[in-house]
Amino acid sequence: MASLSSPLRLCRGILREIRAIKGPEYKQSLAYNYVLDQFRKNQITGERYCRAQEEALHASHSYLCLLTSTRQHMALYDIYHGKGQRDTEEMAGIVGLRLPTQPGGKGWEK
């Protein structure tokens with residue numbers, strides 16, 4: 001099994017994604033409070049050892065991956081989703097291409 005990230009790194013990553021979704025008032029959201037409660041509940045202390053720590057880390061890693069992928073998908077969707085009819089030059093510019101010039105009508109004459 002691959003090595004999992006540290007719990008603190010995972011917690012910070014999830015909170016970063018929640019901040020990106022919710023904006024400046026993310027600390028008042030239910031998701032923020034739930035994530036912090038779950039990480040506090042599953043931490044290892046001197047008095048208690050969480051037997052399901054690996055499971056909790058795996059679930060949090062999967063949740064972080066889901067949040068990151070969803071945010072990136074929405075960003076790509078906003079850029080590339082069709083917003084009505086676009087001409088060929090505009091579509092070529094979106095993907096980083098240039099159309100050949102056609103001074104004589106066929107594109108290969110000088």
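A nonpolar surface patch joins nonpolar side chains within 5 Å, drawn from residues with over 30% relative accessible area and no salt bridge. This predicted model has such a patch of about 510 Å². L76, I79, Y80, V95 and L97 make it. V95 lies in the segment after α4 (88–94). Exposed means over 50% relative accessible area. V95 has 53%, so V95 counts as exposed.

Start with helix α1, residues 7–22. The helix has 16 residues. From its first C-alpha to its last, α1 reaches 22 Å, close to the 22 Å expected at 1.5 Å a residue. After α1 comes G23, with a positive phi near 90°.

Which residues of α1 are buried? They are L10, C11, G13, I14, L15, E17 and I18. An α-helix has 3.6 residues a turn, so residues three or four places apart point the same way. The cover over the buried residues of α1 includes α2 (30–41) and α3 (53–80).

The largest nonpolar core has 13 residues. Within this core, C11, I14, L15, I18, V35 and F39 touch the most other members. Helices α1, α2 and α3 each supply at least two of the core residues. The most come from α1, which gives five.

Leaving aside residues up to four places away in sequence, F39 touches P7, L10, C11, I14 and S60. Among these contacts of F39, L10, C11 and I14 are also buried residues of α1. C11 and I14 are, like F39, among the core residues that touch the most other members.

Definitions and conventions
Residues are numbered from 1 along each chain as its sequence is written. This is a predicted model: local features need pLDDT of at least 70, side-chain atom pairs count only at pLDDT 80 or more; totals for chains, interfaces and linings use all residues. Side-chain values use heavy atoms; hydrogens and water are left out. Helices (H or I, at least four residues) and strands (E, at least two) are DSSP runs, numbered from the N terminus. The expected span of a helix is 1.5 Å times one less than its number of residues. Buried means under 20% relative accessible area, exposed over 50%, partly exposed in between (1.4 Å probe, protein chains only). Contact means heavy atoms within 4.5 Å. A nonpolar core is a set of buried Ala, Val, Leu, Ile, Met, Phe, Trp, Tyr and Cys residues joined through side-chain atoms within 4.5 Å. Patches are made of residues with over 30% relative accessible area and no salt bridge: like charges are joined within 9 Å, nonpolar side chains (Val, Leu, Ile, Met, Phe, Trp, Tyr) within 5 Å. Accessible areas come from the Shrake-Rupley method with a 1.4 Å probe; for residues, only the protein chains shown count as cover. A salt bridge is a side-chain nitrogen of Lys or Arg within 4 Å of a carboxyl oxygen of Asp or Glu.
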